[in-house]
Amino acid sequence: MLKSVITSACIGTLGGLWVALVNGSIELFQNYVDGAWRYQVELNSVAEILVGAVIGVLAGANIPLAFAKDEVRDDKR
């Protein structure tokens with residue numbers, strides 16, 4: 001169960017990160033500083049990332065519970 005929760009949380013976090021990039025909550029841009037181009041990241045809000053992680057954890061917790069019911073039914077037959 002812990003493995004599926006961690007996996008789903010990672011997938012949810014990546015999904016939240018993608019949504020944050022699309023919505024502009026996270027911005028990637030270049031600046032010319034001291035004769036060199038530098039990449040910078042601006043973080044305006046982490047709400048999308050946190051929501052994605054929470055949804056992923058909840059989904060991961062429900063995955064083994066759904067499979068456990070089928071296994072119990074097979075044992076009773």
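**Surface and loop features**

Analyst: T7 is found in helix α1. Please note that this is a predicted model.

User: Is T7 buried, partly exposed or exposed?

Analyst: The relative accessibility of T7 is 41%. Buried means under 20% and exposed means over 50%, with partly exposed in between. T7 therefore counts as partly exposed.

User: How far apart in space are T7 and G56, C-alpha to C-alpha?

Analyst: In sequence, T7 and G56 are 49 residues apart. In space, their C-alpha to C-alpha separation is 8.1 Å.

User: Which helix gives the most to the nonpolar patch?

Analyst: The patch lies on the surface and is formed by L14, L17, L21, L28 and V41, with about 490 Å² of accessible area together. One of these residues, L17, is found in helix α1. L17 counts as partly exposed because its relative accessibility is 33%. The element that gives the most to the patch, with three residues, spans residues 2-23 and is helix α1.

User: Which residue other than glycine has a positive phi, near 55°, and where does it lie?

Analyst: The positive phi, near 55°, belongs to D34, which is not a glycine. D34 lies in the loop between β1 (26-33) and β2 (36-43).

User: Is D34 buried or exposed?

Analyst: The relative accessibility of D34 is 71%. Exposed means over 50%. D34 therefore counts as exposed.

Technical notes. Residues are numbered from 1 along each chain as its sequence is written. This is a predicted model: local features need pLDDT of at least 70, side-chain atom pairs count only at pLDDT 80 or more; totals for chains, interfaces and linings use all residues. Side-chain values use heavy atoms; hydrogens and water are left out. Patches are made of residues with over 30% relative accessible area and no salt bridge: like charges are joined within 9 Å, nonpolar side chains (Val, Leu, Ile, Met, Phe, Trp, Tyr) within 5 Å. Accessible areas come from the Shrake-Rupley method with a 1.4 Å probe; for residues, only the protein chains shown count as cover. A salt bridge is a side-chain nitrogen of Lys or Arg within 4 Å of a carboxyl oxygen of Asp or Glu. Helices (H or I, at least four residues) and strands (E, at least two) are DSSP runs, numbered from the N terminus. Buried means under 20% relative accessible area, exposed over 50%, partly exposed in between (1.4 Å probe, protein chains only).
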